[in-house]
Amino acid sequence: MLGMGGEPLRSSQIDARGLAGDRQHFAAGPEGLLTVTDLPGLTDWRATFPFNPDGAIHTHYEPPFPVLHGPGDRTYRWGDPRLAFALERSLGRPIELVRDLDATRGVIVTTVRHGLDRAFAGVNVQLALELPGHGGWAGAELSFRDGVRLRLVASRADGPGIEARVVEAGRIVLGEPVSLS
């Protein structure tokens with residue numbers, strides 16, 4: 001769910017719209033989509049797909065419903081009527097829960113940095129990779145061993161990370177060699 005922490009995966013499917021299952025569920029208010037900037041308390045929550053371990057979500061089908069883990073280890077499945085109440089109580093305002101299956105799921109790449117709060121950053125791909133200092137990476141491509149290619153576009157205005165566009169879809173795997181060209 002947008003703005004919440006996620007789960008570490010050993011692999012994940014990427015298609016032209018981004019990571020499978022990522023950012024297709026979010027909180028909204030009268031002003032529209034709400035982000036962690038609007039609702040800092042979202043970082044106290046995590047969204048997981050426990051019945052689809054290690055990114056076993058196929059991009060050709062609708063993603064499953066996430067399980068949301070709130071403060072105090074309370075868990076709620078998407079669609080549980082108690083979820084909206086628990087989130088509103090935790091976040092301190094009324095919200096609407098939205099599932100948008102047509103949403104483009106941007107791929108946000110960052111190098112692994114100690115102390116990076118992934119939930120706040122909105123990062124969905126972390127790589128142990130040296131990027132050129134002081135920019136110089138826009139237009140470059142990340143090429144993964146099994147064929148996935150991501151073109152680096154620009155820094156995000158709302159946090160650390162580099163927005164990337166999918167050039168070649170497929171599955172990325174933890175520990176898979178990746179090169180920057």
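The following dialogue explains how several descriptions of this predicted model are reached.

Colleague: How much confidence does the predictor place in the protein, and which elements stand at the two ends of the scale?

Modeller: The average pLDDT is 81, and 81% of the residues score at least 70. Among the elements, helix H2 (residues 118-121) has the lowest mean, 47, whereas strand S7 has the highest, 95.

Colleague: What makes up the secondary structure, and what share of the residues is buried?

Modeller: The protein has 2 helices and 15 strands. Of its 181 residues, 45% are buried. The exposed surface comes to about 9800 Å², and carbon and sulfur atoms supply 52% of that area.

Colleague: Why is strand S1 described as largely enclosed?

Modeller: All 5 of the 5 residues of S1, which spans residues 11-15, are buried, so the strand is largely enclosed by the rest of the structure. In a regular strand the side chains alternate between the two faces of the sheet. Both faces of S1 are covered, with Ser-11, Gln-13 and Asp-15 buried on one side and Ser-12 and Ile-14 buried on the other.

Colleague: How do you know that S1 is paired with strand S14 and with strand S2?

Modeller: The requirement is at least two bridges between the strands. S1 and S14 (residues 170-173) have 4 bridges in the antiparallel sense, and Ser-12 stands opposite Ile-172. S1 and S2 (residues 18-19) have 2 bridges, also antiparallel, and here Asp-15 stands opposite Gly-18. A hairpin of 2 residues joins S1 to S2.

Colleague: What makes S4 and S8 edge strands?

Modeller: Three strands form an open antiparallel sheet in the order S4-S3-S8. S4 and S8 each pair on one side only, and they are the edge strands. The pairing of S3 (residues 25-29) with S8 is antiparallel over 4 bridges, and Ala-27 has Leu-97 as its bridge partner in S8.

Colleague: Why are Trp-45 and Tyr-76 called an aromatic pair, and why is the pair called tilted?

Modeller: A pair of aromatic rings is described by the distance of the centres and the angle of the planes. The rings of Trp-45 and Tyr-76 are 6.1 Å apart, centre to centre, with 35 degrees between the planes, so they form a pair and the pair is tilted. Trp-45 lies in the loop between strands S4 and S5, and Tyr-76 lies in S7, so the pair ties together parts that are 31 residues apart in sequence. Both residues are buried.

Colleague: How do you know that helix H1 has a buried side?

Modeller: In H1, residues 81-91, the residues Leu-83, Ala-86, Leu-87 and Leu-91 are buried. They cover an arc of only 115 degrees around the axis, which puts them on the same side of H1. The face turned away from that side carries the exposed residues Pro-81, Phe-85 and Arg-89. The cover over the buried residues of H1 includes strands S6, S7 and S8. Just after the helix, Gly-92 takes a positive phi of about 80 degrees.

Colleague: Why is Pro-66 called buried?

Modeller: The cut-off for buried is under 20% relative accessible area. Pro-66 has 1% relative accessibility, so the residue counts as buried. Pro-66 belongs to the loop between S5 and S6. Beyond four places away in sequence, Pro-66 touches His-25, Ala-47, Thr-48, Phe-49, Tyr-76, Arg-77 and Trp-78. Arg-77 is 11 residues from Pro-66 in sequence and 6.2 Å away in space, C-alpha to C-alpha.

Colleague: What makes Asp-73 worth noting, and is Asp-73 buried or exposed?

Modeller: Most residues other than glycine have a negative phi. Asp-73 has a positive phi of about 60 degrees although it is not a glycine. Asp-73 is found in the loop between S6 and S7. Exposed requires a relative accessible area over 50%, and Asp-73 has 73%, so the residue is exposed.

Key:
Residues numbered from 1 in each chain as written. Heavy atoms only, no water. Buried < 20%, exposed > 50% of the residue type's maximum accessible area, 1.4 Å probe, protein only. Phe/Tyr/Trp six-rings, centres within 6.5 Å; stacked < 30°, edge-to-face > 60°. Arc of directions from axis to C-beta. Contact = heavy atoms within 4.5 Å. pLDDT = per-residue confidence, 0-100. Areas by Shrake-Rupley, 256 points an atom, 1.4 Å probe, with all protein chains shown as cover.
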